[in-house]
Amino acid sequence: MTRSTHSLTLDQGTHDVTVDLHGRQGRPFLLLHGGGGPQTVTPFAGLLAEQRPARVFTPVHPGFDGTGRPDWLTDVTTLAQAYARLLDALDLRDVAVVGNSIGGWIAAELAALGSDRISSVTLVNAVGIQVPGHPIADTFSLTPVELSRLSFHDPSKFRFDPSALTEAQRAVMAANRATLQVYSGPHAMADPTLTDRLAKVTHPTLVAWGASDQVVDADYGRAYAQAIPDAEFRLLEGTGHMPQSETPEQLLPVLWDFVDAHATDRPQC
């Protein structure tokens, strides 16, 4: 893994984004982490780069893991605009965008922007839309142990002991949580305008969903797929809110087959 920092300029100002890269050749992926931070996608990024011809770029959302966040960067729409600029800065084409949870929301916003650098979009247990009768769990009111019970098909494999954390780790978790609250906005992890904008998405889109997710249930995922023209929906059995962590061996071939089928260029070297 190599790490780099990129200065991105938007109308609101300039800010730095830290990006980790797994793999040195192959098809480019932009892998966007969820509220748990970069560590929720790092192992999967490494697995993808190891088992497939892939270069996996995993940005750290500004404000997570000790990175800076400018005062004007407060919403997912602006963050998606920043990542569109990141693709420009990296001069990537035929990019497969993949996002989990709030990272999926960012990926959906990127799809709505319509960048010609993107060849496909995969939303993995994404948040971001409002679905009547299928509310997003209020994760901010839960303890880490309670959140784990909602997030995993088999929480016993992902036991979390808060008392084992160092003070530095507690500080990072608290900062990540505060940053997530900023990005989540006033509508509980959703943007009421997103569904209408998704109707104009032209990128091939896959909505992959852990069947056991109790943060955002499978019918929420089906509604997400229905909001995007010609989107595919794939249910992942025995899996919760983070398939890339719980059942990576199930998610990886599903993701790769979809991305490979919709690639517009040969893998880049």
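This is a predicted model: local features need pLDDT of at least 70, side-chain atom pairs count only at pLDDT 80 or more; totals for chains, interfaces and linings use all residues.

Reader: Which residues of helix 7 are called buried?

Author: The buried residues of helix 7 (residues 218-227) are A218, Y220, G221, Y224, A225 and A227. Buried means under 20% relative accessible area, exposed means over 50%, and partly exposed lies in between, with a 1.4 Å probe and protein chains only. Helices are DSSP runs of H or I with at least four residues, strands are runs of E with at least two, and both are numbered from the N terminus.

Reader: What does Y224 touch, leaving out residues up to four places away in sequence?

Author: With contact defined as heavy atoms within 4.5 Å, Y224 touches W105, A108, L123, A126, V127, G128, I129, L194, L198, V207 and W209. In the largest nonpolar core, which has 52 residues, L30 and Y224 touch the most other members. Such a core is a set of buried Ala, Val, Leu, Ile, Met, Phe, Trp, Tyr and Cys residues joined through side-chain atoms within 4.5 Å. Helix 2 (residues 76-90) gives the largest share of this core, 8 residues, and a second, separate core of 22 residues includes L48, V124, L252 and V254.

Reader: Why is D94 called buried?

Author: D94 has a relative accessible area of 3%, and the limit is under 20%, so D94 counts as buried. D94 is placed in the loop between helix 2 and strand 5 (95-100).

Reader: What joins the side chains of D94 and S119?

Author: A polar contact of 3.0 Å joins them, the term being used for a pair of N or O atoms within 3.5 Å; within protein, one must be able to donate a hydrogen and the other to accept it, and residues adjacent in sequence count only if both atoms are side-chain atoms.

Reader: Why does D230 count as exposed?

Author: D230, in the loop between helix 7 and strand 8, has 75% relative accessibility; exposed requires over 50%, and therefore D230 counts as exposed.

Reader: Why is S245 called partly exposed?

Author: S245, which lies in helix 8 (residues 243-246), has a relative accessible area of 27%, a value between the two limits, so S245 is partly exposed. Leaving aside neighbours within four places in sequence, S245 is in contact with T40 and F158, and a polar atom of the side chain of S245 lies 3.3 Å from the backbone oxygen of T40.

Reader: Which residues line the largest cavity?

Author: The lining consists of L31, V41, F44, V98, N100, V124, Q244 and L251. A cavity is a set of points, on a 1 Å grid over the protein atoms alone, where a 1.4 Å probe fits but cannot get out, and lining residues have an atom within 4 Å of a point.

Key: Residues are numbered from 1 along each chain as its sequence is written. Side-chain values use heavy atoms; hydrogens and water are left out. On a 1 Å grid over the protein atoms alone, a cavity is a set of points where a 1.4 Å probe fits but cannot get out, and a pocket is an open set with protein on both sides within 12 Å along at least five of seven lines; lining residues have an atom within 4 Å of a point.
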